[in-house]
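Here is a brief report on one protein chain. Look at the sequence and the structure first, then read on.

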Amino acid sequence: AAGLLPRFASVHGADRPEQRKPAPALLRSAAAELDVDVRELLVVGDAATDLGAARAAGAPAAIVGWGYGRERAAALGPDWIVDAPLDLLRIVDATES
């Protein structure tokens, strides 16, 4: 809807219970599938479990302020707080350069 999907190499979700957040297995699997270091991923989420999975895997995380609210998102200590979907483009562009 926001026109972001073409900017992503892949989108992953947990199919098995052991992959569920905050376990880092899904992120490590995604990195291996994409043949990149897990530190090159960008985890985007709206909850502590999203940030927990990112931290456990060693990946950077952007927490969206519209899920559980900006103040709660900020309290989680993410690398970035995103206020609108298109803000993700700014993060991706900045990290690619």
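Which helices and strands each supply at least two residues of the lining of the largest pocket? They are α1 (25-34), β1 (43-45), α2 (48-57) and α4 (87-96). Helices (H or I, at least four residues) and strands (E, at least two) are DSSP runs, numbered from the N terminus.

## Basis

This is a predicted model: local features need pLDDT of at least 70, side-chain atom pairs count only at pLDDT 80 or more, and totals for chains, interfaces and linings use all residues. Residues are numbered from 1 along each chain as its sequence is written, and side-chain values use heavy atoms, without hydrogens and water.

## The largest pocket

The volume is about 990 Å³, meaning the space filled by probe spheres set on grid points joined across faces, edges and corners. A pocket is an open set of points on a 1 Å grid over the protein atoms alone, where a 1.4 Å probe fits, with protein on both sides within 12 Å along at least five of seven lines; lining residues have an atom within 4 Å of a point.

The lining has 33 residues, and F8, S10, L41, L42 and V43 are the closest to the pocket centre. By class, 21 are nonpolar, 6 polar and 6 charged. Ala, Val, Leu, Ile, Met, Phe, Trp, Tyr, Cys and Pro count as nonpolar; Asp, Glu, Lys and Arg as charged; the others, Gly among them, as polar.

## The buried side of α4

L88, I91 and V92 of α4 are buried (under 20% relative accessible area, 1.4 Å probe, protein chains only). They lie on the same side of α4, because they cover an arc of only 95 degrees around the axis, taken from the directions from the helix axis to the C-beta atoms.

Key:
Buried means under 20% relative accessible area, exposed over 50%, partly exposed in between (1.4 Å probe, protein chains only).
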